[in-house]
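Q: Could you walk me through this model before I set anything up with it? I would like to take it topic by topic.

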Amino acid sequence: MERSTDAVREGLNSRLEGFRNKTPQERLNVLAERCDLSDADVAVLGQPGALDDTRANGMIENVVGTFQLPLGIATNFTINGRDFLVPMAVEEPSVVAAASYMARIARDNGGFRTSSTLPIMRAQVQVLGISDPFGARTKLLAARERILDIANSRDAFLVKLGGGCKDIEVHVFPQTTRGPMIVLHLLVDVRDAMGANAVNTMAEAVAPTVEELTGGNVRLRILSNLADRRLSRAMVRIPEASLATKEFSGRRMIDGIMEAYEPRRNRPLSRRDPQQGHHERHRPGGRGYRQRLARDRGRRPRLRGPQWPLHLAFELGSGQGGRLGRNPRNADGPRPGGRRHEDPPGCPGGPQDPQGRKRAGASPR
């Protein structure tokens, strides 16, 4: 009788002694035993070219072949008190080894603590051709329940899972180069999905009603990649002694990390630019970095579309996502270092209970 996924996770030990010295087949055998994988799962993982042409041709247009990356397993991860083996599809040497090495150091000190918010994504519905934008905003807010009902009627399954369109926002721009403009936001709980299809379908569905209520013309109806309401946080505390090596003391290692971080902290494009009003990760010029990041994580690149100027107007976050944790040292030793990630998590679930609330014991930033 196969064990449940929860039972496997509860009994999983991510510390795999000598894993790096085994052959790929031997590693796969260890993974199958530790994770209770079925024969079918093992066959897929061990088969070169697991994505066949027929399946690939049904996923995107103009398929001529497939592109492969090595799939490795990062070991030693303890997250919120539970052990995890982390699959990583990367082409660069030492990445998996470095992740496993630092995870082992973190593991010896209690591991990582994580938390996440509800998985809320935004749909933007742009309305032009209106003479009274503030009056149009009032009408949309008064019709909130009607708009929510229309949006949720397009994805009954998502609503059944506890997701769906939860609220709306209306932003007014009385003076633009294209005249007065308002932008309606649908705030959609997309559960474990990335959410693009669900959110875009809802935006298309409410567009006729928005035009009826405002008397304007709807232009953009599209997902916003600004995921400032869908945040994941991770924290770890590592004392000096755990960072010491044969060549350097733990204090020297900490000083080296902080010194190496200084150029980024002081580089203008690494901070919120008050003249531009947005963070570097939302600049259209940053798309090359995003493509490389997507490739290295085995994720689909989400390039800036025609909606990117709206991101500049609606940037509501602190602009400190992705930066090294502040005040990493004090008189009692290092403080926790943390990172905040403003994109949908790369794997389903995450540090949430079924209602998507923060897991007990997970510390905020």
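Predicted model: local features only at pLDDT ≥ 70, side-chain atom pairs only at ≥ 80, totals over all residues.

Q: Which side chain does Glu145 meet in a salt bridge?

A: Glu145 pairs with Arg144, with a distance of 2.3 Å from N to O. Arg144 is partly exposed too, its relative accessible area being 27%.

Q: How many salt bridges does the count come to?

A: The count comes to 11 salt bridges. One of them joins Asp189 and Arg191, whose closest N and O atoms are 2.9 Å apart.

Q: Are Asp189 and Arg191 buried or exposed?

A: Asp189 and Arg191 are both buried.

Q: And which salt bridge links distant parts of the chain?

A: That would be the one between the side chains of Arg221 and Glu204, at 3.8 Å from N to O. Arg221 belongs to strand β7 and Glu204 to helix α9, and the two are 17 residues apart. Arg221 is partly exposed at a relative accessible area of 30%, and Glu204 is partly exposed at 44%.

Q: Switching topic: how many residues are in the largest nonpolar core, and which have the most contacts inside it?

A: The largest nonpolar core has 33 residues, and those with the most contacts inside it are Leu140, Ile182, Leu184, Leu186, Val188, Val206 and Val210. At least two core residues come from each of β4 (120-128), α6 (133-142), α7 (144-152), β5 (164-173), β6 (181-189), α9 (196-214) and β7 (217-224). Helix α9 supplies the largest share, with nine residues.

Q: What is Leu140 in contact with, leaving aside its neighbours within four places in sequence?

A: With those neighbours set aside, Leu140 is in contact with Ile147, Ile168, Val170, Ile182, Leu184, Val210, Leu213 and Thr214. Another core, of seven residues, lies apart from the largest one, and Leu16, Phe19, Leu31 and Ile73 are among its members.

Q: Why does Met59 count as exposed?

A: Met59 counts as exposed because its relative accessible area is 57%, which puts the residue over the 50% cut-off.

Q: Now the cysteines: how many disulfides does the structure hold?

A: The structure holds zero disulfides. As for individual cysteines, Cys35 is partly exposed with a relative accessible area of 22%, whereas Cys165 is buried with a value of 4%.

Q: Where is phi positive in a residue other than glycine?

A: Asp36 is one of these cases, with phi near 55°, and Ser94 is another, with phi near 80°. Asp36 is placed in the loop between α2 (24-35) and α3 (39-46), while Ser94 is found in the loop between β2 (82-89) and α5 (95-107).

Q: Are Asp36 and Ser94 exposed or partly exposed?

A: Asp36 counts as partly exposed at 30% relative accessibility, and Ser94 counts as exposed at 56%.

Q: Last one, what does the protein chain come to in helices and strands?

A: The secondary structure comes to 13 helices and 11 strands, and of the 365 residues of the protein chain, 38% count as buried. Among contacts with a separation of 6 or more, 69% are between residues 24 or more positions apart. The accessible surface of the protein chain comes to about 21000 Å², with 52% of that area belonging to carbon and sulfur atoms.

Note on methods:
Residues numbered from 1 in each chain as written. Heavy atoms only, no water. Core = buried A, V, L, I, M, F, W, Y, C linked by side-chain atoms within 4.5 Å. Buried < 20%, exposed > 50% of the residue type's maximum accessible area, 1.4 Å probe, protein only. Helix = DSSP H or I, 4+ residues; strand = E, 2+ residues; numbered from the N terminus. Contact = heavy atoms within 4.5 Å. Disulfide = S-S within 2.5 Å. Areas by Shrake-Rupley, 256 points an atom, 1.4 Å probe, with all protein chains shown as cover. Salt bridge = Lys/Arg side-chain N within 4 Å of Asp/Glu carboxyl O.
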